Amino acid sequence: MANKVAQAFGENATIHDGVMRELAWRTQLYVIFILPRTGSTWLMEMAENSGVLGTPQEWFNEDWIHTAELAMGCRPPQLVATKCADEYLRKTVADYRSPYGIMGLQLSPYQARSVGDMLETPRASIDLVTRFYLRRANIVGQAISLFRSVRSGFFHSYQDGAVSRSNLDTVEYDAEAIRSWCEHIVAGEVYFDRTFRRLGIAPACFTYEDIVEKPRDVLAWMANCIDNRLDARNITAKSSRLSKLGGKSSEQWEQRFRAEQADYLVALDSRRPAVRSDFQSDQ
């Protein structure tokens, strides 16, 4: 299978060990392994606005990386005028890290596999970064959100407008499609679970529900995981561009799906890696 991320770097698609060591010496690096509709974009904006955590964007998104335009502030290689993965990483870290010297990256299952293939020595590189893993406990709500967004093309509230919002509101309930997205999500969870076991790593886990309940405390917890010398008590959680897209229809669909697909959900849960959270609030 072609590596869509590596294809963006015609001159050099390898991220060399020396570059990773150089970056880690100057900057405290972290990665958030993500799944769709887990609040990752919202988390990225709040982290960026905090002034502490840098900008943990999907810097290696397989679609954005081939464009010449900013996507939620994500600057692809063409805007950096480079086709070298090492140089892209250097410039991104230098330009988007926080004044505290912290910088992050989000990776979906596909992106994690693609970037992993680009690393000269994956195990050596991953030892240089703090690892987080973001999931959503409510997989039905997650699948419904993903289904509605994919079907409508409306993924984030910053896209809001008469046409995009109308597209979202006209999507009709489809149990088979929701089941298909449940399977997609679990496939990603299983991939991460197997990858973590193979590499012998245990990322700090947290959930969409944690972010919704205590966004500021999640940011402070992340900062302390990255550097326990930081005083993150005054960290703020601000979001100016994003808001939740769910509503009464999503809640009604979830109730209906759970009633109609009870046996399926029992079987799905038996195949799903257990959801856990290491998040601890300072309140």
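**Close-up views of the sheet, its helices and the cores**

**View 1. Parallel pairing around strand E1.** Strand E1 (residues 28-33) runs parallel to E2 and is joined to it by 6 bridges, where strands are DSSP runs of E with at least two residues, helices are runs of H or I with at least four, and both are numbered from the N terminus. Two strands are taken to pair if DSSP finds at least two bridges between them. The model shown is predicted, so that local features need pLDDT of at least 70 and side-chain atom pairs count only at pLDDT 80 or more, while totals for chains, interfaces and linings use all residues. Residues are numbered from 1 along each chain as its sequence is written, and side-chain values use heavy atoms, with hydrogens and water left out. Of the 6 residues of E1, 5 are buried, buried meaning under 20% relative accessible area, exposed over 50%, and partly exposed in between (1.4 Å probe, protein chains only).

View 2. The 4 strands form an open sheet in the order E2-E1-E3-E4, with parallel pairing. Strand E2 (102-107) and strand E4 (204-207) each have a single partner strand, so one side of each edge strand is left without a neighbour in the sheet. From one strand to the next the twist averages 25°, with angles running from 0 to 180 degrees between N-to-C directions and axes being lines fitted to C-alpha atoms, for helices over the stretch in contact. E3 and E4 pair in the parallel sense over 4 bridges, and Phe 132 has Ala 204 in E4 as its bridge partner. Of the 6 residues of E3, 5 are buried.

View 3. The axes of helix H5 (residues 109-118) and helix H9 (residues 175-199) come within 9 Å and cross at roughly 35°. Pro 109, Ala 112 and Arg 113 of H5 meet Gly 188, Tyr 191 and Phe 192 of H9, contact meaning heavy atoms within 4.5 Å. These residues divide into 4 nonpolar, 1 polar and 1 charged, where Ala, Val, Leu, Ile, Met, Phe, Trp, Tyr, Cys and Pro count as nonpolar, Asp, Glu, Lys and Arg as charged, and the others, Gly among them, as polar. H9 lies across E1, E2 and strand E3 (130-135), and runs at about 155° to E3.

**View 4. Nonpolar cores.** The largest nonpolar core holds 39 residues, of which Phe 9, Ile 15, Phe 33, Trp 59, Phe 60 and Phe 192 touch the most other members; such a core is a set of buried Ala, Val, Leu, Ile, Met, Phe, Trp, Tyr and Cys residues joined through side-chain atoms within 4.5 Å. Helix H1 (17-26), E1, helix H4 (85-96), E2, H5 and H9 each supply at least two residues of this core, and H4 gives the most to it, with 5 residues. Leaving aside neighbours within four places in sequence, Phe 9 is in contact with Phe 60, Ile 65, Pro 77, Lys 83, Cys 84, Ala 85, Tyr 88 and Met 118. Another core, of 25 residues, lies apart from this one and has Ile 34, Leu 53, Val 218 and Ile 226 among its members.

**View 5. Helix H11.** With 12 residues, helix H11 (residues 215-226) reaches 17 Å from its first C-alpha to its last, close to the expected 16 Å, a span taken as 1.5 Å times one less than the number of residues. The buried residues of H11 are Asp 217, Val 218, Leu 219, Ala 220, Trp 221, Met 222, Ala 223 and Ile 226, and they pack against E1, helix H2 (40-50), E2, E3, E4 and helix H10 (208-213).

View 6. Ser 145 is found in helix H7 (residues 139-152) and is buried, its relative accessible area being 18%. Beyond its neighbours within four places in sequence, Ser 145 is in contact with Arg 37 and Arg 136. Ser 249, placed in helix H12 (residues 248-260), is partly exposed, with a relative accessible area of 30%. Between Ser 249 and Arg 97 there are 39 Å in space, C-alpha to C-alpha, and the two are 152 residues apart in sequence.
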